[in-house]
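Please read the following report alongside the sequence and the coordinates. It begins with the ligand surroundings and then turns to the strands and the overall fold.

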Amino acid sequence: RKPVTLHRLREMHAAGEKISMLTCYDATFATLLDTAGVDCLLVGDSLGMVLQGQPSTVPVTLEQMVYHTQCVARGNRGAWLIGDLPFGSYQVSKEQAVASATALMQAGAQMVKLEGGGWTTETVRFLVERGIPVCGHLGLTPQSVHALGGYRIQGRGDEAAATLKRHALALAEAGAAMLVLELVPSVLAREITASLPIPVIGIGAGLDCSGQVLVLHDMLNLTAGRLAKFVRNFMEGQPTVQAAVQAYVADVKARRFPDEALHGYQ
Ligand code: KIV
Ligand code: NA
């Protein structure tokens, strides 16, 4: 297939063609997901939990993100590759953010993702001006789990919703080319997606985002313990991992996933 570009992703958002994204941490899965037609691979700092067994994403280092981004880049051919800036690698200064983003880009990322709204606007502008594509991340931002008091829905109530909208608009105006919305009411995610010129990728944010992302190991039912409400087990009824990933892409494209009643939040 033709490599996915930022231009193509923006076209898909404008045309209402759903964008599929999964997390990916190694070369084997990168080749598998790329071959299955996943539009975007996210080297998420969720690797702290998924690969390292950490209780949160907070302990993940830039060096570890660089290593996994290199692994994924070697296995990928056509998917758009996004790398997470880990906790502490962009908060100190705009200059620190450029240095950290450079490390991820040199490891093979085509875009970097950072969490938070408000204070991040100037950092995003600084990165974008220097040729680094940026994805924002609002709603439940896992690097702030201790400040937020747990993994709980964000943006409920008029005031919280207005703040989230303001932060989303500011990120887009600062030049962010994509936005991840995590654990927010479906109606709020729909309003934000409709109001922005850039693709909005949802996780626990309802059907009306420009696309969807899940943690790979969650949707393959490899994660021990209780799964979040917004996850679907795509291995169910599928003979192989390849078939499960193809089913995910097909269900995102056809708006069969997520299902508002099963996976949505009010
Ligand atoms: O690290 C991650 O997996 C993420 C997604 C859940 C968006 O940031
Ligand atoms: Na992340």
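The residues around ligand 1, counted where the C-beta atom, placed from the backbone, lies within 6 Å of the molecule, are Thr23, Leu42, Gly44, Asp45, Ser46, Asp84, Val180, Glu182, Ile203, Val213 and Val215. By class, this shell holds five nonpolar, three polar and three charged residues, where Ala, Val, Leu, Ile, Met, Phe, Trp, Tyr, Cys and Pro count as nonpolar, Asp, Glu, Lys and Arg as charged, and the others, Gly among them, as polar.

This is a predicted model, in which local features need pLDDT of at least 70 and side-chain atom pairs count only at pLDDT 80 or more, while totals for chains, interfaces and linings use all residues. Residues are numbered from 1 along each chain as its sequence is written, with chains lettered from A and ligands numbered from 1 in the order in which they are written.

Helices (H or I, at least four residues) and strands (E, at least two) are DSSP runs numbered from the N terminus. Strand E7 (residues 200-203) is covered on both faces, with Val200 and Gly202 on one side and Ile201 and Ile203 on the other, all of them buried; a residue is buried if 20 or more other C-beta atoms, placed from the backbone, lie within 10 Å of its own.

Strands pair if DSSP finds at least two bridges between them. Strand E6 (residues 178-182) runs parallel to E7 and is joined to it by four bridges, and leucine 181 has glycine 202 of E7 as its bridge partner. On the other pairing, E7 and strand E8 (residues 211-214) are parallel and share two bridges, with glutamine 212 of E8 as the bridge partner of glycine 202.

## Strand E5

Six of the six residues of strand E5 (residues 134-139) are buried, so this strand is largely enclosed by the rest of the structure. Val134, Gly136 and Leu138 point one way, and Cys135, His137 and Gly139 the other. In a regular strand the side chains alternate between the two faces of the sheet.

Four bridges connect E5 with the parallel strand E4 (residues 111-115), and valine 112 is partnered by valine 134 of E5. E5 is also parallel to E6, through five bridges, with glutamate 182 of E6 as the bridge partner of glycine 139.

## Overall fold

The protein comprises twelve helices and eight strands, and 50% of its 266 residues count as buried. Its C-alpha trace spans about 50 × 40 × 40 Å along the principal axes.

Note on methods:
Buried ≥ 20, exposed ≤ 12 C-beta atoms within 10 Å, placed from the backbone.
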